[in-house]
Amino acid sequence: MREVRARRRWLVTGAAAGMLALVPGTAYAWGTPGASNGQKTETSGGRDGSSLVSRVVYRGSTAGTQGGDGDGGGSLKPVGNWTPPACWYEPRSAEEFRTYVENMYDENVSTPGQHSYAKSAVGMFRKDYKDGTYKNYNLDKKDEGSWWVAVRDEDRMMEPEAQACNRLPFWVPNGDPVPVAEAITPEVLAELAYSRIELPATEVTLAPEQTTKVNLPTWAWLDKARFKEVSVTAAIDAGALAIQATTTAKPVSLKLEPGTPDAETYPASGECTINADGSIGEPYAKGKADDTPPCGLKYLRSSGDGTFALQATVTWDITWEGTGGAGGDLPDGTFGNDQAVTVQEIQAVNR
């Protein structure tokens, strides 16, 4: 126990001092997911020198498919205080774990100018798994279990939530429960997929388009072909674990915020619900000039020499399904864009 406490102290000291890039990763995290790459399968598994990265892979509507081409698309913003996991635990085979530790040890002890306390820390870490608490990385039990290691989301490395997975790598026999709350499960995969859903830009079609008049109802709508449900599947096949989950986002409503208090919305709440055919609102057609738009707005004053920033935000209903029949709901998400609207006074001509 004294040796373990000493090893933890060395590792934490190295991280706090910022002197060692590899040892803190050993103690707290084994790498991060890679960047998404559209409809191609996004893989974050692999080996890079002395580090292992997350084995979770993603496919579906990730960056580059809906909004990754410069069209203003983006990611879901969860409603409320909920956020997807910033860290979690994944399994590794005995061979993978041995390779990681040995490579990490070799690199640290051979790095010119490396501090002696860092070398001692990595040496004690290696000893514990090679011929200390464990024997030879449990290679003689390689078919009986897996090592479980911590992984962080690289986009949230500095958040307090990312520090929650601070347990050193531990062994779990096949079939035994993993003794940490953050162990990867189908639900965790669904939550990770949530954070990688890429949505289309929320730019509504207006009539009149871009330039409207004071006190003139402006119709607003979204095309059903563009605003349809999108999905991302997250999967992991590592150690003795092979699971997956698919998270699906379905548009349910459009919120219009005119960008000025001197305006009215249709309906009064500014919340336009989705139609049965998947569209939102109704396109303007000739002969409807005197009708009230089912979704739209009316400006009560001119924008002068500038414009009003109309914000259009779509709310998405989020559900998931995973391995073993698991599934359920996740918090709703929103995504929106601003678009400039010019409002002019109606000019009267007297003869």
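Where is Asn138 found? Asn138 lies in the loop between α4 (116–131) and β8 (145–152). This is a predicted model, in which local features need pLDDT of at least 70 and side-chain atom pairs count only at pLDDT 80 or more, while totals for chains, interfaces and linings use all residues. Residues are numbered from 1 along each chain as its sequence is written, and side-chain values use heavy atoms, leaving out hydrogens and water.

**View 1. Asn138 is a buried loop residue.** Its relative accessibility is 6%, so Asn138 counts as buried (under 20% relative accessible area, with a 1.4 Å probe and protein chains only). Not counting residues up to four places away in sequence, Asn138 touches Ala94, Trp147 and Trp171 (contact means heavy atoms within 4.5 Å).

**View 2. Tyr129 and Trp147 form an edge-to-face pair.** Rings of Phe, Tyr and Trp (its six-membered ring) pair if their centres lie within 6.5 Å; planes under 30 degrees apart count as stacked, over 60 as edge-to-face and the rest as tilted. By this rule there are 12 aromatic pairs. Here the centres of Tyr129 and Trp147 are 5.3 Å apart with planes at 80 degrees, so the pair is edge-to-face. Tyr129 belongs to helix α4 and Trp147 to strand β8, 18 residues apart (helices, H or I, are DSSP runs of at least four residues and strands, E, of at least two, numbered from the N terminus). Both residues, Tyr129 and Trp147, are buried.

**View 3. Trp147 also pairs with Trp171.** Their ring centres are 5.3 Å apart and their planes at 70 degrees, so this pair is edge-to-face too.

How values were computed:
Buried < 20%, exposed > 50% of the residue type's maximum accessible area, 1.4 Å probe, protein only.
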